[in-house]
Amino acid sequence: MKITVIGGGSTYTPGIGQTGFWPGWIHFHSKELWLMDIDRERLGIVSGLAQRMVKAKGDPFKVVLSDNQREAVAGTKYIITQLRVGLMPARRGDEYLGLRHGLVGQETTGVGGMAKALRTIPVILSIAKDIREVAPGALLANFTNPAGLVTEALNRHAPNVTAVGVCNVGITMKMEALEWLEKSTGNKIDDSRAALNTLGLNHLTWHRGFTVDGRDMWPAVFRAFAEKMKKEEDPECDLRTLEILGMIPNYYLQYFYYTERKVAAQEKWPPSRAEEVMELEKGLLRDYANPALIEPPADLMKRGGAYYSTLATQLINSHYNDLGQVNVVNVRNNGAVKEWATDWVLELPAKVDKRGIHPLPAAPLPPVCFGLISQVKMYELLTVEAAVRGNKNALYQALVAHPLGPSADRAQAVMDDMLETNRQWLPQFFQ
């Protein structure tokens, strides 16, 4: 069996190996891990560390390098996408686009997330095309942000490719909750015994329940989160809102609940987050190039993305071995939330087995949440149309529809700036 990582030159790749594939590889019966990237120099550095890590584990499989997407996809069973069109300079451009216009500049939310989606969707759809043609039946696990929006594009424009959007927010919340419970009880709890009840869109979810061995532990988890907020100087959620909701908001909801504060914080740039990561990655790649290094350096944790590798391994293991485990993923609703549109991609718990990804039945969120969800979903659908067709009218409408977008009389200026800033990656808008 062959597993392929598109964006194999990412600094995340060795982390996927250390806590994910290397320990769990025996469960996959795979002989090859293909790392594909268009940046050969960077791929060589990252793969060098990956190969040394594999060798240190007794060479359980072969690491194959490629800069040819179709070759890397051909005959594979699983494809993981963790790519970034335009690399970190494009992310920095997204952040400063927001800053220039007094809007949220962030890589997954607001105008920055929109720009990233426009660059990313055509590339992901080209991978889906290759899967249909040279790897039919393969599972595409997309880690690339904005993960929900990208999965929505796959849902609508590549419906015959089995695809799932993957994000670490759900599993991170689950692991945090277990830490709080373990601290209060003094007992170690394996994460396989726990289940997080969460619902919404990617980076727009509300956590509303937690069980261990089927026993309701939500009151204890909710109290622990509230105590954490009390102690923080800059809490991600204020206590009154937390009390009224009775749910824990995904931390990306800060951008919607406290927009003015988040925009004001951007005035302190540089460095923006992209600029911080660019400096961090210089050091990581320098470390990766050290021939004596056989495991990822500690600084990789500063890169973010906790538990990505764990989630990737759990997902593939459950699918390949027909385990029926439950993971929080982005997938087509298909009636799981019967009150909501069947064809929307949602983020929610789903059962994973060899037949596919099956969202579990869930009660809808209350109006205070659904109002925001429905508005953001309309933005997503318009952005998919704009990205696929190069449709400027749809792009304008997406900007106006987004709750973090500009006022209508400024939408044209923001759109023009976005397109010009990203011209080299958005040929569909300049034909």
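Colleague: A salt bridge is a side-chain nitrogen of Lys or Arg within 4 Å of a carboxyl oxygen of Asp or Glu. How far apart are the closest N and O atoms of D94 and R119?

Modeller: They are 2.8 Å apart, and the pair forms a salt bridge. D94 sits in helix α4 (residues 87–100) and R119 in helix α5, so the bridge ties together parts 25 residues apart in sequence. Helices here are DSSP runs of H or I with at least four residues, strands are E runs of at least two, and both are numbered from the N terminus.

Colleague: What kind of model is this, and which pLDDT cut-offs apply?

Modeller: It is a predicted model: local features need pLDDT of at least 70, side-chain atom pairs count only at pLDDT 80 or more, and totals for chains, interfaces and linings use all residues. Residues are numbered from 1 along each chain as its sequence is written, and side-chain values use heavy atoms, leaving out hydrogens and water.

Colleague: Back to D94 and R119. Buried or exposed?

Modeller: Both are buried. Buried means under 20% relative accessible area, exposed over 50%, and partly exposed in between, with a 1.4 Å probe and protein chains only.

Colleague: How many salt bridges does the structure hold?

Modeller: 27. One of them joins R70 and D130, with the closest N and O atoms 2.9 Å apart. R70 is in helix α3 (residues 69–73) and D130 in helix α5 (residues 110–134), 60 residues apart. R70 is partly exposed at 36%, while D130 is buried at 8%.

Colleague: What does R100 pair with?

Modeller: D417, at 3.0 Å between the closest N and O atoms. That links helix α4 to helix α16 (residues 411–421), 317 residues apart. R100 is partly exposed at 48%, and D417 is buried at 18%.

Colleague: Which residues make up a salt-bridge network?

Modeller: E152, R156, D343, K377 and E380 are linked that way.

Colleague: New topic. How do α2 and α12 cross?

Modeller: The axes of α2 (residues 40–56) and α12 (residues 273–288) come within 9 Å and cross at roughly 55 degrees. Axes are lines fitted to C-alpha atoms, for helices over the stretch in contact, with angles from 0 to 180 degrees between N-to-C directions. The two helices are therefore oblique; under 35 degrees counts as roughly parallel, over 145 as roughly antiparallel, 65 to 115 as roughly perpendicular, and the rest as oblique.

Colleague: Which residues meet there?

Modeller: R42, I45, V46, L49 and R52 in α2 meet E281, L285 and Y288 in α12, contact being heavy atoms within 4.5 Å.
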